[in-house]
Amino acid sequence: MRVDILSLFPEMFSAYLNASILHRALESGFLQIKVHNIRDFATGKHHITDEPPYGGGGGMILKPEPIFAAVESLRVQTPDMGQVGAQTPVILLTPQGRLLNQAVARELAGHDRLILLCGRYEGVDERVRQHLVTDEISIGDYVLTGGELAALVVVDVVARLIPGVLGAEGAADGDSHAQGLLEGPHYTRPETFRGWTVPEVLRSGHAAKILRWRREQALRRTWERRPELFLSADLDEEDRQFLRVLAEEQVRRT
Ligand code: 6GU
């Protein structure tokens with residue numbers, strides 16, 4: 001997958017992209033990322049990218065021309081950059097966007113190219129929204145100083161869904177939220193730490209029992225922390241039976 005990121009602060013990305021799994025994904029070619037400075041596409045002596053809002057009020061608004069020019073520069077075919085087709089999403093990162101979740105991440109991972117536009121200040125000129133942007137994404141109900149962190153979050157969640165980026169095939173399948181449930185607990189060595197011992201079943205070598213235990217732990221954790229996830233979780237009859245046990249447990253405790 002290729003991702004073009006448009007930002008007024010391109011220097012914000014290198015530390016995160018140049019470490020760990022994303023670094024490896026970039027090195028091995030599963031992922032290609034180009035960060036573009038919107039200011040490079042601003043014309044005039046001062047390369048102005050923002051101006052006060054029409055009608056007054058505080059803050060500054062990103063001007064449309066440099067943003068249109070930056071996106072349109074990606075449509076030019078060069079040996080380095082492929083053509084941006086009409087199907088390539090142009091995604092504005094904004095707290096007004098649809099909320100990012102694992103399903104949205106899977107949808108984005110289905111594209112071979114993404115353009116991420118990082119908003120700043122009070123926002124972007126509405127004509128960018130209406131005539132350039134094809135999707136708007138928020139990473140949560142709080143306000144960041146700009147879309148850069150949100151763009152990194154999008155890149156991270158999408159990259160780990162690209163086949164080959166995580167070591168083992170299907171390594172993302174057991175993640176929290178991948179099945180619509182939270183994950184249960186994990187343990188590693190030592191077997192006993194400060195008197196706290198790893199659950200016996202995990203050391204039993206009994207694969208089917210381990211699988212069942214993990215499923216029940218995931219159901220229990222989801223029940224305790226995020227019960228609303230059951231509204232859309234994929235459950236079988238065995239899961240439902242275990243949830244009845246949890247419900248009875250709860251009734252007995254109250
Ligand atoms: Cl995408 N941008 C900004 N500025 N704030 C946010 C956000 C995005 N998502 C949540 N808060």
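Predicted model: local features only at pLDDT ≥ 70, side-chain atom pairs only at ≥ 80, totals over all residues.
Trainee: Why are strand β5 (residues 90-99) and β8 called paired?

Mentor: Two strands pair if DSSP finds at least two bridges between them. β5 and β8 share five bridges, in the parallel sense, so they meet that cut-off. Residues are numbered from 1 along each chain as its sequence is written, and side-chain values use heavy atoms, leaving out hydrogens and water.

Trainee: What makes a stretch a strand or a helix here?

Mentor: Both are DSSP runs, numbered from the N terminus: helices are H or I with at least four residues, strands are E with at least two. β3 (50-51) and β7 (123-124) are edge strands, each pairing on one side only. They belong to an open sheet in the order β3-β4-β7, with mixed pairing. β3 and strand β4 (residues 61-62) pair in the antiparallel sense over two bridges, and D50 has L62 as its bridge partner in β4.

Trainee: Back to β5: what is the strand order in the five-stranded sheet?

Mentor: β2-β1-β6-β5-β8, an open sheet with parallel pairing. β2 (32-37) and β8 (135-138) each have a single partner strand, so they are the edges, with one side left without a neighbour in the sheet. From one strand to the next, the twist averages 35°. Helix α4 (residues 102-109) lies across β5, β6 and β8.

Trainee: How do you know that R113 and D4 form a salt bridge?

Mentor: The term needs a side-chain nitrogen of Lys or Arg within 4 Å of a carboxyl oxygen of Asp or Glu. The closest N and O atoms of R113 and D4 are 2.7 Å apart, so the pair qualifies. R113 sits in strand β6 (residues 113-118) and D4 in strand β1 (residues 2-7), so the bridge ties together parts 109 residues apart in sequence. Both residues are buried. The whole structure has 21 salt bridges.

Trainee: What makes α7 oblique to helix α8 (residues 237-253)?

Mentor: Angles under 35 degrees count as roughly parallel, over 145 as roughly antiparallel, 65 to 115 as roughly perpendicular, and the rest as oblique. The axes of α7 and α8 come within 10 Å and cross at roughly 50°, and that makes α7 oblique to α8. Axes are lines fitted to C-alpha atoms, for helices over the stretch in contact, with angles from 0 to 180 degrees between N-to-C directions. Contact itself means heavy atoms within 4.5 Å; among the residues making it are L219 and W223 of α7 and F242 and L246 of α8.

Conventions
Buried < 20%, exposed > 50% of the residue type's maximum accessible area, 1.4 Å probe, protein only.
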